[in-house]
Amino acid sequence: MTLTSALHSAKSVFTNSGETSAVISKNIANAGNENYVKRSTVVMTTLEGATVVATNRAEQDVLQRQMFLASSESSGQDVLLDGLEQLQSILGGNDYELAPSTYLAEFYNSLEQFAAKPGELSLAQTTVSSAVDVVNSLNNASNSVQQIRAQADKDISTAVGELNDLLTSLDKVNRIIVQATATGDDPNDALDQRDAIVKDISKLVGVTVQTRDNNDIVLYTADGTALYETIPRTVSFAPTMNYDANVVGNSVYIDGIPVNLGVGGDTTARGSIAASLQIRDEIAPVFQSQLDEVARGLITAFAETDPATIGPDMPGLFTWPTGTTLTTGTIEPGLAALIAVNPLVQQSAGGDPMLLRDGMVYDQNPDDLSGFTDLLSSFLDNMTGDMVFDPATQLDDNTSLLEFSTNSVGWLEQYRSNASSGAEKKTAMLLRAEEAYTSETGVSLDEELSLLLDVEQSYKAASKLLSTVDEMLQALIAAAG
């Protein structure tokens, strides 16, 4: 080896060590950054000797796609579970002490006691009070269900705004990456930014990623709709301010195509938007229909028939604004929010609770017998006898009113239980996906410090070589002198 080649070798080592140590230092500085992908230098032999020719980014496309998928599914499942737990909370939580079925059972017991002693005013008052509790529970539950729908609508609107902002940011970063790659500049920092943006997008809507020339990407939704291709696609949504049982929320459109809502307790929703749509348009409306059918069942069960068979059947103890009877087995949307106790039996409204025994519309007890129980007994039979309910409630459509109201609670609890199990499963899948991805792309301090020691040893060797060349040159100069 000539002295000149030795000097070139030392220079190459110093240059390579500097660039490599800079990359290692950057890795170490970002050890706690979940959006950072570790870098490594690529050294090749050239005419100038060993030279750092590139800085590689430890990409793992397959693991990354799995992480995006797990993120979407976990986000959607968490949103669904939160909505179901809100529905559960309006019924009193795990014990469902505020559920209409709970108050309905208490009302039935009060009515049964009154029927056993029909001459007792205090029992009549208690029964009417229990009826008011049932009505209040239906009114409150119905109003709360619509509030949950309205909140889901607001969440959708917020998510759509975030999605559009993220797509705008993605477009800016993607253009930087494409230009940097095409011109031979380093796009790695911008690639980290883009991956972080796509991960955030995946929490809102399921995505698949395709990479094209110059690191350009295309995003599609889980349904195959283009979300980003050269330019961001428009995501549109018109929020609805107020909800009741007759209001249908607006769809979310991506590039003019509506987003499908999730299905089932272990939901198919990928991202929070589809899950919020499922709460707003499927779960809450079905539960509302169950409440409405309980209200219709009460009005029907306590309707009064004219003993003279001249007048029509009319609502009795339970009524609603139109004051008419209802179609058998057909949902009356929003009825649970409208049902009320007839003021004719409420003392606070100047009524007489004993009319529950004698009749509010028709005089069922013309002889004013204190032991008259015919009407009360018919009410009890109507509550325990089979009725026809609308099959759209997703419950048994031929059962008793008491059983139907209990089944409604069971339906919600089963849905919530399935969602809870799904959330546990999908959270575990997300953690495993993130661990697998991080183990391949994240920074290991032990590994980086070990590499730094190698660089230090190379630097020392180059320094020793340079020192030796210096001594030899001095010796040659001295000999020549």
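Start by colouring the protein chain by burial: of its 481 residues, 45% are buried (under 20% relative accessible area with a 1.4 Å probe, protein chains only; over 50% is exposed, and partly exposed lies in between). You're looking at a predicted model, where local features need pLDDT of at least 70, side-chain atom pairs count only at pLDDT 80 or more, and totals for chains, interfaces and linings use all residues. Residues are numbered from 1 along each chain as its sequence is written, and side-chain values use heavy atoms, leaving out hydrogens and water.

Switch to cartoon. The protein chain shows 11 helices and 13 strands (DSSP runs numbered from the N terminus: H or I of at least four residues for helices, E of at least two for strands).

Now select β3, residues 207–211, and β6, residues 231–232. They belong to an open, antiparallel sheet of four strands, ordered β3-β4-β5-β6. Both stand at the edges with a single partner strand each, so one side of each has no neighbour in the sheet. Pairing here takes at least two DSSP bridges between two strands.

For one of them, pick Thr208, whose bridge partner in β4 is Tyr220.

Next, show helix α4, residues 121–183, which packs on the sheet and touches β4, β5 (226–229) and β6 (a contact means heavy atoms within 4.5 Å). The directions of α4 and β5 make about 30 degrees, using lines fitted to C-alpha atoms, for helices over the stretch in contact, with angles from 0 to 180 degrees between N-to-C directions.

Last stop: the β3 and β4 hairpin. Five residues sit between the strands, and Asn214 has a positive phi near 60 degrees.
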